[in-house]
Amino acid sequence: MAHRDRWASRQAFIMAAVGSAIGLGNLWRFPMVAYANGGGAFLIPYVVALLTAGVPLMILEYSLGSFFQKSTPGSLRAADKRFEMIGWWALGVGTTISLYYAVIMGWSWDYLACSFGQPWCDNAQLFFDNLLGVTDGVGYIGRISWPALIGLAVTWACIYWIIKKGVLRVGKVVMITVPLPAILLLFILIRGLTLPGALEGLKYYLTPDFGALTNARTWLQAYAQVFFSLSLGFGILTAYASYLPKKSDIANNAFITSFADAGFAFFAGFAVFSVLGYLAQAQGVPVESVVKGGPSLAFVIYPTAMSLMPFAPVIAAMFFITLLTLGIDSAFSIVEGAVAGLRDKWHISQERATLYFCIFGFFGGLIFTTGAGYYWLDIVDRWMNDYGLVVIGFLECIAIGWFYGTDKLRAYINEVSDFDIGIWWDIFIKWVTPLALGWALVSNVVNDIRQPYGDYPGWALVAGGWGVVAVIVIVAALITRVKPVVPKEES
Ligand code: PHE
C-alpha cells in the first residue's frame, strides 16, 4: 500500500474541517434565513436539524473516510462496489460549486483592492454595473469582466499553492484562515454595536416569532441551512477524515465541528444585523428594506454601510479580508475532496492532480465572469444546493443504513471515539435523516413545478439547473465504469 498523507495533529484536522464548514454561508446565509424564519425562535429548528441530521451525517462521513482510508468514491466503493457512483456524484457537485465559489472570492479580491482607493468602489451600487458588467438577461453573455477574471486567477493560484503539497500545508494555513476571520468579525461587530441604530437591527434578527415554528417551510430551511453550512454531501469530510490515522476520534470531532460552525453563524448574525440597523437609520428607511442575503449583502449593502462610517477604508479592508479568509478554506476543501478522489482512482501525484483541477476550475469558471455570469451563478447555485447535496446525503444514508449496515461502522466508531454513540445513531441514519432529506427533496421538486425559480426563462433553468445535474450524473456514471488503476508494487 502506498502510504497516505497525514494531518500533523488532531487539531489540524479539526481546524481544517471547521474551516470548510465556516464559509460565506455563515455570514450571508444563516442570519438572513434566521431573520426570515422566526428570528430568535429559529434557533430551535436549527438546533433540532443540527442534532437529527447534521451531526449523524457528519459522523457517517468522517467514519467512512477514517475506516476505509479513502476519499468518498473510494470509501463507498470499498463498502460496496455499487455505491462508488454516489461518491463521484458528490465530487461532481462539489466541483461545480467550486467553479463559482472561486469567482465570488475573486470579487472579494477586487473589493479588497478597491478598499484602497480604486475608483469603482466609490459607490457600492456600482458592483453590478462596473465590476461585473451585468447584462439585461441570462441570454446576453456580454463581455468578460477583467477584474473578475483577474480575481478568479488569483483565487485558483492560492488554492493551488495551498493544497499542492497535501494536507500538511493545509493544516498550517487553517491555523490562520480559521481564527483570523473570527477576530476581524469581532472587531466589525464591536464597531457595529457602537453605531446608532444597531440595536434596532439586532431586534430584527432576534425577536422570536414562535408562530413560525408551526410552518413547515421554517423546518425545511433549517435542514437546508445545516447541510450547506456543515459542508455535508460534497465528499469533503470523508476525504479529510481519510488523512487521519485509523485510530482517531470521530464522534467528538463531529460534535466539535458542528457546534463551532453553528456558533460562528449565530455570532456572524450580530455583526450583520447591527450594521444593517445602522444603515437603515442613516438612510432613514425601515430595517427590512436593507435586509438582503447573498452577494448583494456582501458586495452592495455592506459596502454602502461601511462607506458611511468613519475610517471606511480600514473597516472595508477588514471586511473583505474576512470574506477571503472565510471563503478560501471552504474553497480549497472542495478541491481537496475532488483531488483525493482522482488520486485514489488513478494514482497520480498530488501536485499533478491539483494542477489539472485548478486549470479546469479556472476555465470552468469563466462563464461566471461574463455579463450573464451573475444570473448563471444564481441558477447553478440553487440547483447544486437544493438537489445535489440533498440527494447525495439521502443516498449515503440509504446505502450505509440499509445495505452496508450501520452496526459495523458504529462498532468501529465506538472503538476509536472519545465517547460512545448509542443506537440512536443507527436510527437517525436509517430513518430520521433520510426522511428529513427525502421530505426536503420532494418539497423542492413540488415548489419548482408550482413556481419555477426566479424570473428566468425556462431554457435557462433547464440548462443551468437540470442540465448541469444531468451532466454531473453522466460523468459520475462514466468515471465509475473506468477500472481503478492498481498502483505499482512499492519496491
Ligand atoms: N460550508 C460552506 C459555507 O457555509 C459552504 C461550502 C459549500 C463549503 C460546499 C464547501 C463546500 O459557506
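Modeller: On a 1 Å grid over the protein atoms alone, a pocket is an open set of points with protein on both sides within 12 Å along at least five of seven lines, while a cavity is a set where a 1.4 Å probe fits but cannot get out; lining residues have an atom within 4 Å of a point. This is a predicted model: local features need pLDDT of at least 70, side-chain atom pairs count only at pLDDT 80 or more, and totals for chains, interfaces and linings use all residues. Residues are numbered from 1 along each chain as its sequence is written, and side-chain values use heavy atoms, without hydrogens and water.

Colleague: What makes R29 a lining residue of the largest pocket?

Modeller: R29 is one of the 42 residues that line the largest pocket, so R29 has an atom within 4 Å of a pocket point. R29, Q221, D381, R382 and Y453 lie nearest the centre.

Colleague: How do you know the volume of the largest pocket?

Modeller: A volume is the space filled by probe spheres set on the grid points, which are joined across faces, edges and corners. For the largest pocket that gives about 1200 Å³.

Colleague: Why is the space lined by F30, A34, G39, G40, F42, L43, Y205, L206 and F266 called a cavity?

Modeller: Because a 1.4 Å probe fits there but cannot get out. This second largest cavity has a volume of about 40 Å³.

Colleague: What makes 2 of its lining residues polar?

Modeller: Ala, Val, Leu, Ile, Met, Phe, Trp, Tyr, Cys and Pro count as nonpolar, Asp, Glu, Lys and Arg as charged, and the others, Gly among them, as polar. The lining includes G39 and G40, so these count as polar; the lining has 7 nonpolar and no charged residues.
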